[in-house]
Amino acid sequence: MEILHKLFPSIKKVVVFCTPQFEASKVATKITVKAGERYGIKVVPISVRDVLDLEYVISHMREDGFGGIVITPCFYTENFLTSYILQYASFYQLPVFCLSPEQAKKGCTVAYGSSGYQQGYQASFIAYRLLKGEQVKNVPFEKVRNIKLVVNERVLREQGVQYNQIALSLVDQIIP
Amino acid sequence: MRVSLKTKILLLFTFVLTIQGISYFHHFYILKQELVQRWNEETNVLVSIMSDKLSSLLEEKVSQINTLIAKYERLGLSPEEVLWRLSGDIAGVSEGAFYDTSGRLLAFSSRLKTMPEFEKQLSSLLERVERLGYQKDSYGELYIRIKVPDFQDNVFKGFYVVSINLNSLLEDVYSLSFQHVNLYLLDSSGRTLLSLQHTVSKNFLRVSSPVKGTDWTLVIEEPYQTVLEPAYQFLLRAFFFGFLSTLGLGVIFFLVIGRIFKPLDRLKESLLEWNEKRRISLQGSDEIGMLSKTFEELVNRLEREKEVYMNIFNGSVDGMLLVSKEGKIKRVNKSFLERYSVKEEEIVGRDISQFLEHGSHQTLFIPEALLTIGSKRYVVNVCTVPINVEEGEFLLYQIRDLTEKKELELILYRTSKLSLAGEMACCMAHQLNNPLASILVYAEYIHNTVQDEKLREKAGIIMRQALKSAETVKKLLDMAKVFDGKPQEINPYSITREVIELLSFKARRKRVSLEFTADINTHAGMMCSSWKLEQVLINVIENAIDASQQGQKVEIKLKWENSCFVWTVRDYGEGIPEEDLQKVFEPFYTTKKDGTGLGLSLVKRFLDDMNGNISMYNTQKGLEVVISLPSKTQC
């Protein structure tokens, strides 16, 4: 939320698509709402059942004063809706904030986090230890270690959203 | 104390098992020591390599930080932006802060936290790389804060303080192949800074190595149990397979021993019973000992019996042959070899049919059979008996020589014939002598009294013929004398004349003329058996007459040569084939239709008795027989 605020200071209201059935989605939504409050951004969680719901929500976001979409960790959203979210957001010119640099390549405006490859690489060591018979209690949690800020310049330009040029110096990778 | 063989085998089995168990544990103990020693050696090398790698990784991070700070500052980035970049570019670096030259906090940045915790004021302002301390986050990951002085164009600008994730560093040096290994990073006072603990145990093997350039110590420990796992596995496997193999062997052993001992027990009992009957005392500690003693006794008895049988076999007067069922001669006795003048190797291994015409594998008795040894033939009678000896079934041939018996029979036959002729001649001579005497007396009276010359001449003829008849009668009486084989002074000329006279009737009947010429002193004598000489001459001249055709002649010559009387008898018949010349003196060889084949063999034997010699030659026409007898040698 801090980076979103730095890049897009004009955005004051965003949507978070969540799936209440998933505990992780609920926790991530709560954290996002709390973080938004710190930077003066209203985060509205919305649950959609299918693609029609999704299109209806996104098509009315501008009218309702929403300036962007934030995608939080959620199995359903990340795996089944992301491509539709990116498609409709592009159509309705709404910037999307994602968690994985790969999503920026697919059309996400800004992504901040560790790539799926990096996470898999890091997790593979843990998996290997478990597969070799090590006790789960002996394997500690690990934080992701390679976090990148990636911006899709083409999408940013096409959406015509106002952004902070200085904040772009924080970007690790710009996808042309 | 008598211990049975079963008990001995059980004791041996137990002993082997004990040895096996002791060797297992001994090997296990040695293996344990070797494993511990090897673990210490290998892990010492490993921990040393790991500590070196940790040290070099840390130096590399500091070097990277210096390089990137210089790079980004040249690009004109602010300290906050530089810190952001550092946390993105260097793995394990997630946050950092910038202090001015007096140690006041000016800027900070973190990729994970909005407000990272940094001291407001640095305690150390030395312009060198320093480790400021350690920090743990909410996940328990340990960070070390490194202070790096910032120089721009050799102008000291301040300090960058960067947090480096030690967990990340340690995992980079940690080998995943170590499953049960615990890794510790200790500080200078021995407190655990960081641990990658995988195993909990009471007993550990532990090695450590200092990390260069720091006051840290890297420690690797592994449970004693894990290190010695191969030894325990060996013990388990050895015990398992040893138990299985021993059990299997035991079962097999039990079955085999059972199968061996059951008949052995029965054999032992029966032998003991037999020995009790034989009253043989056996001494032995177990069944095998008793059996071996019994068998030894049996073998000795068999050997003695075999020796007796061999003595009987060899000592028999008759020839004995042991012949296999296939007809191969396996053994021959001494009597056979001596009687037929042959060597053992010429007989043994040959087929019986090569020697005996009537070779048979049945029990039989052959009254007369022809036995051929080399070029000689013998008349034998054969008795065969089947016998079982150790090598199998055989036939025992008992061979009795009948050759001499047959010869004697012939002589007896001839002698009996001559004897009858002699008796008849004697009788006739007695009957003729009285009329002849009257004829001679009256013829002499007429010859002396009458004046008529013609009558006187005829009376003279009657006188001469009567005298001649009287002479013939006298000869008949001489021939009828009883056979006497003793040597005596004889006249060879007279003997020859008498024999020719005797055979002249046969010659005349066949129209064969006998021509006798003598080139010796007609009164010369020699010591010899007249009967044997007569038999020799009769046989030879008779054979010549038989071989001659009608109208042919037989020449008989008597001469003196090299102190020997030599008779040459020649006929003009067909002679004898050259290949048969050597056989003619063998018994039962004959070319005559009704011949016995014994005549010339007798001639040969008689001449051998008299130190004489006989030889035969085929001439251009007929056969020539030469007989020589030494005059001075007593025969």
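1. The side chains of B:D137 and A:K143 meet in a salt bridge, with N and O 2.5 Å apart; the term stands for a side-chain nitrogen of Lys or Arg within 4 Å of a carboxyl oxygen of Asp or Glu. This pair crosses between chains: B:D137 sits in the loop between strand 3 (130-136) and strand 4 (142-152) of chain B, and A:K143 in the loop between helix 6 and strand 6 of chain A. Helices (H or I, at least four residues) and strands (E, at least two) are DSSP runs, numbered from the N terminus. B:D137 and A:K143 are both buried, where buried means under 20% relative accessible area, exposed over 50% and partly exposed in between (1.4 Å probe, protein chains only).

2. A word on the ground rules, as you will want them at hand. This is a predicted model, in which local features need pLDDT of at least 70 and side-chain atom pairs count only at pLDDT 80 or more, while totals for chains, interfaces and linings use all residues. Residues are numbered from 1 along each chain as its sequence is written, chains are lettered from A and ligands numbered from 1 in the order in which they are written, and side-chain values use heavy atoms, with hydrogens and water left out.

3. Now the interface as a whole. On the chain A side 25 residues are in contact with 21 residues of chain B, contact being heavy atoms within 4.5 Å. Between them the two chains bury about 2300 Å², and 45% of that is on carbon and sulfur atoms.

4. The rule finds 5 salt bridges across it, and 13 residue pairs in polar contact, both residues at pLDDT 80 or more. A polar contact is a pair of N or O atoms within 3.5 Å; within protein, one must be able to donate a hydrogen and the other to accept it, and residues adjacent in sequence count only if both atoms are side-chain atoms. Helix 1 (2-7), helix 6 (116-131) and strand 6 (148-152) of chain A are the elements that give two or more residues to the side touching chain B. By class, that side of chain A has 11 nonpolar, 3 polar and 11 charged residues. In this count Ala, Val, Leu, Ile, Met, Phe, Trp, Tyr, Cys and Pro are nonpolar, Asp, Glu, Lys and Arg are charged, and the others, Gly among them, are polar.

5. Do follow A:R145 in the viewer. A:R145 forms a salt bridge with B:E171, the closest N and O atoms being 3.5 Å apart. A:R145 also forms one with A:E142, where the closest N and O atoms are 3.7 Å apart. Over all chains the structure holds 31 salt bridges.

6. Within chain B, B:E221 and B:R206 form a salt bridge whose closest N and O atoms are 2.6 Å apart. B:E221 lies in strand 9 (residues 217-223) and B:R206 in strand 8 (residues 204-210) of chain B, so the pair ties together parts that are 15 residues apart in sequence. B:E221 counts as buried at 2% relative accessibility, whereas B:R206 counts as exposed at 54%. Returning to A:R145, salt bridges that share partners join A:E142, A:R145, B:E141 and B:E171 into one network.

7. The structure holds 1 disulfide over all chains, defined as a pair of cysteine sulfur atoms within 2.5 Å. A:C98 and A:C108 form it, with their sulfur atoms 2.0 Å apart. The torsion about their S-S bond is about 105°, so the disulfide is right-handed. A:C98 belongs to strand 4 (residues 96-98) of chain A and A:C108 to the loop between helix 5 (101-106) and strand 5 (110-113), 10 residues apart. Both A:C98 and A:C108 are buried.

8. Last, the fold of chain A. Chain A has 7 helices and 7 strands, and from the N terminus on its elements run α-β-α-β-α-β-α-β-α-β-α-β-α-β. Of its 176 residues, 46% are buried. A:A104, found in helix 5, counts as buried at 0% relative accessibility. Not counting residues up to four places away in sequence, A:A104 touches A:A111, A:V150, A:N152 and A:I175.

Note on methods: Buried area is the accessible area (1.4 Å probe) that two parts lose on being put together, summed over both.
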